[in-house]
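Trainee: Please take a close look at one part of this model for me, the inside. I would like one connected account.

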Protein chains: 2
Amino acid sequence: MALIVQKFGGTSVANLERINNVARRVAATFDQGNDVVVVVSAMAGVTDSLIQLACQAAQEPDKREMDVLLATGEQTTASLLAMVLRAKGYAAVSMLGHQAEVLTDTDFGNARIIEIRAERVKAHLAKRHIVVVAGFQGADPAGDITTLGRGGSDTSAVAIAAALKADVCEIYTDVDGIYTADPNICARARKLKAVSYDEMLNMASLGAKVLQIRSVGFAKKYGIPVHVRSSFSEEEGTMVVSEDSGMEQLVVSAVTHHKDEARITLRGVPDQPGVAAKIFSPVADAGIVVDMIIQNTRASGKTDLTFTVPKADFKKAMAIQKKVAAKIGAKEVLGDTDIAKVSVVGVGMKNHSGVASVMFNALARENINIMLISTSEIRISCIIEEKYTELAVRVLHTAFGLDDE
Amino acid sequence: MALIVQKFGGTSVANLERINNVARRVAATFDQGNDVVVVVSAMAGVTDSLIQLACQAAQEPDKREMDVLLATGEQTTASLLAMVLRAKGYAAVSMLGHQAEVLTDTDFGNARIIEIRAERVKAHLAKRHIVVVAGFQGADPAGDITTLGRGGSDTSAVAIAAALKADVCEIYTDVDGIYTADPNICARARKLKAVSYDEMLNMASLGAKVLQIRSVGFAKKYGIPVHVRSSFSEEEGTMVVSEDSGMEQLVVSAVTHHKDEARITLRGVPDQPGVAAKIFSPVADAGIVVDMIIQNTRASGKTDLTFTVPKADFKKAMAIQKKVAAKIGAKEVLGDTDIAKVSVVGVGMKNHSGVASVMFNALARENINIMLISTSEIRISCIIEEKYTELAVRVLHTAFGLDDE
């Protein structure tokens, strides 16, 4: 007997047939003697339709009102699932964000959870009710409805699991777990039994499709085991847990790739104190997130500075840098959108040297040139030419012994 | 400068174009210096779609969950209208039932308002905000979402107007006021400038299409003037006010008709104490509402007893009465669904005698037979053969001097 939080995403509740499937799964978990809290997203497509409607109503829809509108999506799913469960004879009850006391800040559209009291949820659980919580939504201290941003239902689920001290938070989605690489480009990729919170946080491209990154931070902070699994099969998925939970520590757990960045290089930058600030302040002011930064000092007292930005912001960033270059006396500004980032991630890296050289050698053997390198404690990322992305993922997957037999 | 509550029904907010029209009207009222609270229904058709969805989800959808689901309809309209107003530069803010502190009992699907505190509404008004309240919904003492039943947005609007001590509650709908008779069958019907709360309460058939009867009771209790008018024109509609408000007191204000009842007669009922209870208790137990009851005692110590029930309940009521007749030894049970009720309504009736004889004579001149008569202080109703309905309405309209020149 455990307290289990189960979260079902939009594709898992896309229509009444699937909501019925979800109800069967919830009921089965309950019938095994567990207490069950279900967190649901809006039915697939509903949130997009509502956003479209709002954009027809107003060019720049007010953010507070947008949240009131969007919250109807999860409200609909929660009530329908509770109805279906009740029709099956289970004492289910729906709870909206404010009813579950999901207290957030006032950043409409992207609110952060401050606290979840969940007193009513606890009271229902004590009566052996199944509680169906509308995900993605909360209320600010004034009682206004807020939403947590895209994928916020994952964060709702993990945060509610933390508030209730649940034994596990199960995230049901349309994939069956976390893979060692994207199976679409690496046929030998295999499903991981477990990954650590930190690995998950470093696996942006592989992980973000499956689990909202913010929810992983929450899970790590409160030590909630997260089980990512498919809502369309009974198979076990991937556990996201703390490093010290006895999971097998591979040196490298996964190879990820990411094609959404572009590279900008300023050549011949005068190597003076304060020059970096002059380059990056206007970029930050424009709301552009810089990922990697590399500086190569040259003998001449000039330096080359290279950084990456999201492809969507490339043009804007280039325009800014051309002005900056003129002002600081840099020689030229070069841009390149045909790049990709490949990374290897693994907690085992902390205790193993030589991971970088294995990576560089594997890429070198295929004559793949490395343009930029960045590292964290458990990740090494290389920027390469975009056309080599799939090849790079495959050779790294093999080089780190991740291939399925 | 006044405090005005404006309520817009489903057809008035049926699409974004109409919501824009509503916004223009609200803005114009605000720009005249008035404080404005808007109460909105779900967009036309939305509530029916949601009910359909629920009925596909569960054979008998749970009532609590049904209210959670239905509440999304008004929530959607409220947020969209607030967005449109904000896009036009007005400081509009939406409020859901629980945010406006519409406290109701726990009768899900048909809840009654206990109290409206509306502290947040007042605070916004004090800042010259336009407040858009989601109609039809409230919250019970536990914080669960409730709905007020069909047409409940009228009740929301009047109750909020009462809570705020508003100067007037304007009900915008797809008709332009209350008429002296149904214009579809009486070409000479004309729009009334004013009717009293009691007249409105007695005009079920004419009035209920325009204004939910429960809201009229609320308006009467708190003395809120209600202005029923069209959302598609600028024309003044009909004021629903107290009798002593200086309104012109016609002897008869309107002629109404109603074709939704059926007649049941028990012949040869033993005229004994307690027999009426034996006849009507099983009808009431079956949830059937009896409207008129007439008893004719005959010399033989037997009596004939006639009453009317909604046509939809006729078969059920007949089956019940056949059993009853056998038990109490009545001679036979007769039923008739080809009947109609025509009524004349007017507060002036209280002080004028002879209204009944004018009515009976007018019908007699056309050889229309009166089957049953019932009266209240300000209404006389006659059951006649259905085929004479239109004729009866027209001759009564003329007889009481209501015809438009």
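Trainee: Among contacts in chain A between residues at least 6 apart in sequence, what share joins residues at least 24 apart?

Mentor: That share is 74%, where a contact means C-beta atoms, placed from the backbone, within 7 Å. This is a predicted model, in which local features need pLDDT of at least 70 and side-chain atom pairs count only at pLDDT 80 or more, while totals for chains, interfaces and linings use all residues. Residues are numbered from 1 along each chain as its sequence is written, and chains are lettered from A and ligands numbered from 1 in the order in which they are written.

Of the 405 residues of chain A, 50% are buried, that is, have 20 or more other C-beta atoms within 10 Å of their own. The largest nonpolar core holds 255 residues; such a core is a set of buried Ala, Val, Leu, Ile, Met, Phe, Trp, Tyr and Cys residues joined through C-beta atoms within 7 Å. Leu81(A), Ile160(A), Leu81(B) and Ile160(B) touch the most other members. Domain 1 (3-174) and domain 2 (244-405) of chain A both contribute residues, so the core lies between them; the bounds come from an automatic or database domain assignment.

Beyond its neighbours within four places in sequence, Leu81(A) contacts Val13(A), Ile19(A), Val22(A), Ala23(A), Val38(A), Val40(A) and Val132(A).

Where the chains meet, chain B and chain A each give 26 residues. On the chain B side, H3(B) gives the most, with 14 residues; helices are DSSP runs (H or I, at least four residues), numbered from the N terminus.

Conventions
A residue is buried if 20 or more other C-beta atoms lie within 10 Å of its own, exposed if 12 or fewer, and partly exposed in between; C-beta atoms are placed from the backbone. Two residues are in contact if their C-beta atoms, placed from the backbone, lie within 7 Å. Helices (H or I, at least four residues) and strands (E, at least two) are DSSP runs, numbered from the N terminus.
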